[in-house]
Amino acid sequence: MNRKVKSKTAQKTGAGSRARRLVALVATRKGAWLFHGDGARKTWRADGPHFLGHTISHLVLDPRDGRTLLAAAKTGHLGPTVFRSTDLGRTWKEAARPPAFTKAAEGEKGRSVDHTFWLTPAHANEPNVWYAGTSPQGLFRSGDGGVTWAPFSTINDDPIYREWMGTVQDGTPDGPKLHSIIVDPRDPRHLYVGMSGGGVHESLDGGKTWRTLIKGMDVVEGFGFDVSKPTFHDPHCLRMCPGNPDRIYQQNHCGIYRLDRPSDTWVRIGKTMPKKVGDIGFPLVVHPRDADAVWVFPMDGTQVWPRTSPEGRPAVYGTRNGGKTWQRLDAGMPRTQTWWTVKRQAMTGDAQDPVGLYFGTTSGELWMSRDEGRRWSSIARHLPEIYAVETAQLG
Amino acid sequence: MKVLIPSALRSYTERAETEASGATLAAMLVDLDRQYPGIRFRMIDEQDRIRRHIRIFVNGDQVRDLAQPLAATDEVIIVQALSGG
């Protein structure tokens with residue numbers, strides 16, 4: 001698909017021809033949707049499906065130009081790729097060289113990308129630079145707005161990192177993932193990544209060298225796992241606070257954590273969550289201006305890890321004091337027999353005041369709150385399983 | 001030679017049947033990618049392995065080796081092995 005292809009839906013709706021106030025970008029197991037909101041965030045117009053039948057792991061709009069949209073895509077039967085649009089999804093063009101590992105030397109077994117999982121636009125001073133995280137775990141960079149991608153050999157082919165990353169048998173059910181690629185807004189060379197599993201890592205030189213940041217993080221108890229080994233650490237989601245880039249929050253396999261640099265020791269702040277709910281989950285959202293305000297979506301991580309809402313009662317939990325106390329925020333959500341949950345990329349916020357919060361469920365519902373979680377309502381139902389939700393301000 | 005394209009890849013070719021040339025299967029796929037950029041990587045990974053759900057038949061016989069010699073009169077059929085839901 002190396003030519004301009006007009007989306008059937010866009011032809012019908014004319015989507016992308018007019019700037020909207022806010023757009024929610026929804027990536028699902030069977031395609032992608034753009035939900036255009038009005039200024040009050042009360043009515044939403046669906047534009048989609050784009051790529052019906054493709055698994056879209058992430059759909060991200062470049063905040064630096066406000067128009068370049070990248071979609072990480074694959075189908076069950078074809079190899080992975082990245083699609084690119086510069087007109088808000090009206091037309092799409094495939095990357096000329098999607099993320100792919102270096103070809104192995106003769107006689108050695110090389111890795112191949114199963115899917116691109118995570119997309120991050122780089123620093124504001126580096127227009128057209130993007131990072132991508134894949135499964136199996138790899139880090140990739142594009143310098144031309146997502147048209148061509150090159151691997152970071154420093155991490156992808158380093159024998160120690162390879163050991164920490166494990167194999168396709170390790171990690172999450174649909175493959176271990178490199179995710180949560182964070183660029184420090186004060187320094188384009190300062191990067192963080194999360195590896196599931198494999199820990200948290202930081203680079204101060206644009207990815208030439210890396211160091212681990214796992215001090216203070218717990219590992220699964222009862223198996224004698226060495227807490228000092230990155231391979232036993234499973235960060236689910238890392239978020240840097242826009243209001244204070246020295247503060248990073250983490251939702252982890254074992255709990256919720258906070259890191260205040262220059263310290264290199266994570267502090268578990270999830271222990272103050274109600275015992276019945278626990279602090280296991282996948283997504284985490286930070287307030288765009290207040291570094292003490294965070295929201296999580298806990299899930300049932302007991303026994304066989306059902307990965308459902310605890311007791312069938314979904315709720316967002318929020319803190320306004322950096323994790324000292326948490327408040328249950330479920331007004332408007334179903335009260336009983338509700339077993340969906342929210343994946344690590346499927347919860348996000350907008351930059352408005354009050355902040356809008358959004359999440360997409362494993363059962364294909366898109367929910368939002370216009371008042372920082374006090375009241376929730378559903379924007380869409382009956383979509384495919386939602387993998388990622390992002391928002392972007394337009395116009 | 002004649003190459004039959006599965007429906008999942010017709011977004012590249014816009015047809016079910018096309019022509020490509022090459023003395024081997026590998027060379028034929030390079031020629032196919034030259035005509036329809038991006039199509040090869042959806043079928044063949046970066047380690048030159050045929051992807052899990054792709055099957056390639058030459059004159060009715062399944063071929064697993066990209067070094068397989070081809071003649072101009074051969075017919076190549078590319079199939080997606082559907083699975084899952």
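Chain B has three helices and five strands, where helices (H or I, at least four residues) and strands (E, at least two) are DSSP runs numbered from the N terminus. The structure is a predicted model, in which local features need pLDDT of at least 70, side-chain atom pairs count only at pLDDT 80 or more, and totals for chains, interfaces and linings use all residues. Residues are numbered from 1 along each chain as its sequence is written, while chains are lettered from A and ligands numbered from 1 in the order in which they are written.

Read from the N terminus, the elements of chain B follow the order β-α-β-α-α-β-β-β. Chain B is as compact as a globular protein of 85 residues, because its radius of gyration of 12 Å is close to the 12 Å given by the globule rule; this radius is taken over C-alpha atoms, and the rule is 2.2 Å times the number of residues to the power 0.38. The C-alpha trace of chain B spans about 35 × 25 × 25 Å along its principal axes.

Attention now turns to a sheet in chain A. Four strands of chain A form an open sheet in the order E21-E22-E23-E24, with antiparallel pairing; two strands pair if DSSP finds at least two bridges between them. Strand E21 (281-286) and strand E24 (327-329) of chain A each have a single partner strand and stand at the edges, so one side of each is left without a neighbour in the sheet.

Within this sheet, strand E22 (residues 294-298) and strand E23 (residues 316-319) of chain A pair in the antiparallel sense over three bridges. Val294(A) stands opposite Thr319(A) in E23(A).
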